[in-house]
Amino acid sequence: MAPQLPEPFIQRPVEFNRLKSALLSGDGDAIALTAPLRGAGGFGKTVLASALAHDEEIQDAFPDGILWVTLGQKPNLVQILADLIYKLTLEHVAFSKPNVAANRLKDLLERRHCLLVIDDAWYRGHLRHLLDGAFGTTHLITTRRSDILPSRATRILVDAMTSEEAVQLLGWQIGDVNVAQRNELIRLASEGLGEWPILLGLVNGFLRGRIRLGENLEQAIRTVRLRLDRCGLSAFDRTLETDRTAAIDSTVRASLDLLAAFDESAGFHAQRYHELAIFAEDVNIPIATIARLWRRTANSDAFETDAVLERFYELALLQLRLVNISTMTLIRQFEFKDGYI
């Protein structure tokens with residue numbers, strides 16, 4: 001049930017190997033990926049968990065399957081539990097209360113050796129329904145709140161990338177890089193972006209956009225520095241929540257500014273992007289639903305919707321998810337007729 005790895009995917013061997021060893025040790029306690037800063041997202045916890053789920057040794061170690069749920073701040077626990085039960089039994093069962101569904105899930109997992117990944121947990125009460133019992137199941141939790149974890153859980157911090165990892169992400173798909181260009185990327189990653197994956201991914205999209213417009217890499221780096229400075233980001237302290245929020249805001253605004261180069265209507269893309277804020281975080285959004293929204297707000301047709309979403313994806317302003325749509329085939333890229341983002 002794990003999502004496919006994103007593009008770009010940058011391996012982080014230190015955290016990966018530590019996490020893998022913990023999962024394979026089989027001590028029975030929950031294992032948690034946490035951020036060193038309370039409330040901090042964008043460090044790559046979910047990507048690491050997904051990478052482990054796709055590792056062959058991990059799959060061999062859990063022969064009855066790898067289950068995956070994403071909670072978020074306001075999960076529909078009854079539906080989440082019912083979906084897990086369906087995956088295990090192919091039976092649709094209606095539950096009225098989460099504790100009834102949780103007891104049924106526990107019974108099913110007792111007879112299996114599974115890995116259950118609980119992504120983006122926020123509250124202890126939500127975790128309880130997924131952690132109680134089922135001693136044959138190993139639990140991997142990703143969370144921004146280490147205080148909600150069971151006392152015996154093994155905690156693995158996921159912090160900023162190393163310099164090498166940061167440069168790999170910042171330089172993804174921009175072609176060959178010489179020594180001088182690499183040094184500039186290192187400086188940009190460390191001094192301006194704090195080697196924070198979410199910012200590195202956004203700026204990589206910006207750099208690729210400028211290169212498609214005809215700039216060389218040196219010019220693109222200068223442009224991104226000027227844009228970020230103009231939007232208020234020359235450097236930031238990622239230990240401060242206010243700085244983190246401002247850094248994301250500045251980088252997204254710089255990327256949205258770049259979209260004006262792709263469309264003669266200034267502000268059109270930015271307005272469409274802001275309208276996506278009506279959707280909940282960490283859910284699959286049918287592209288058809290976005291098309292209906294933009295048809296109402298901007299009189300956009302399906303072709304224009306596709307083009308705008310492609311621009312957002314190219315600039316790392318949205319993510320694609322590999323999802324199973326009932327009996328349809330799995331999709332990985334924009335297949336807009338039946339697609340999701």
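Visitor: What makes up the secondary structure of the protein, and how many of its residues count as buried?

Guide: The predicted model has 14 helices and five strands. Of its 341 residues, 48% count as buried. The protein exposes about 16,900 Å², and carbon and sulfur atoms supply 49% of that area. Among contacts between residues at least 6 apart in sequence, 65% join residues at least 24 apart.

Visitor: Why is Glu-275 called buried?

Guide: The relative accessible area of Glu-275 is 13%. The term buried applies under 20%, and Glu-275 is therefore buried. This residue is found in helix 12. Leaving aside neighbours within four places in sequence, Glu-275 is in contact with Leu-293, Trp-294 and Thr-297.

Visitor: Why is Ala-246 called partly exposed?

Guide: Ala-246 has a relative accessible area of 40%. Buried requires a value under 20% and exposed a value over 50%; because 40% lies in between, Ala-246 is partly exposed. Its place is in helix 11, residues 241–259. The C-alpha atom of Ala-246 is separated by 8.1 Å from that of Gly-232, 14 residues apart along the chain.

Visitor: How do you know that the span of helix 13 is close to the expected one?

Guide: Helix 13, residues 287–298, has twelve residues. The expected span is 1.5 Å times one less than the number of residues, and for helix 13 this is given as 16 Å. From its first C-alpha to its last, helix 13 reaches 16 Å, so the span is close to expectation. Helix 13 is followed by Asn-299, whose phi is positive, near 55 degrees.

Visitor: What makes the buried residues of helix 13 lie on the same side?

Guide: The buried residues are Ile-287, Ile-290, Ala-291, Leu-293 and Trp-294. They cover an arc of only 165 degrees around the axis, which puts them on the same side of helix 13. What covers these residues includes helix 12 (268–275) and helix 14 (302–314).

Visitor: Which residues of helix 14 are buried, and how do you know on which side they lie?

Guide: In helix 14, Thr-305, Asp-306, Val-308, Leu-309 and Phe-312 are buried. Their arc around the axis is only 170 degrees, which puts them on the same side of helix 14. Helix 14 has 13 residues and reaches 18 Å from first C-alpha to last, close to the 18 Å expected. Just after helix 14, Ala-316 takes a positive phi of about 65 degrees.

Visitor: Which residues touch the most other members of the largest nonpolar core?

Guide: They are Leu-140, Leu-170 and Phe-312, in a core of 65 residues. Helix 9, residues 197–212, provides the largest share of this core, with six residues. Leaving aside neighbours within four places in sequence, the contacts of Leu-170 include Leu-185, Leu-188, Leu-200 and Leu-207. A second, separate core of 30 residues includes Ala-30, Ala-32, Leu-88 and Leu-149.

Terms used: Residues are numbered from 1 along each chain as its sequence is written. This is a predicted model: local features need pLDDT of at least 70, side-chain atom pairs count only at pLDDT 80 or more; totals for chains, interfaces and linings use all residues. Side-chain values use heavy atoms; hydrogens and water are left out. Helices (H or I, at least four residues) and strands (E, at least two) are DSSP runs, numbered from the N terminus. Buried means under 20% relative accessible area, exposed over 50%, partly exposed in between (1.4 Å probe, protein chains only). Contact means heavy atoms within 4.5 Å. Accessible areas come from the Shrake-Rupley method with a 1.4 Å probe; for residues, only the protein chains shown count as cover. The arc is that of the directions from the helix axis to the C-beta atoms. A nonpolar core is a set of buried Ala, Val, Leu, Ile, Met, Phe, Trp, Tyr and Cys residues joined through side-chain atoms within 4.5 Å.
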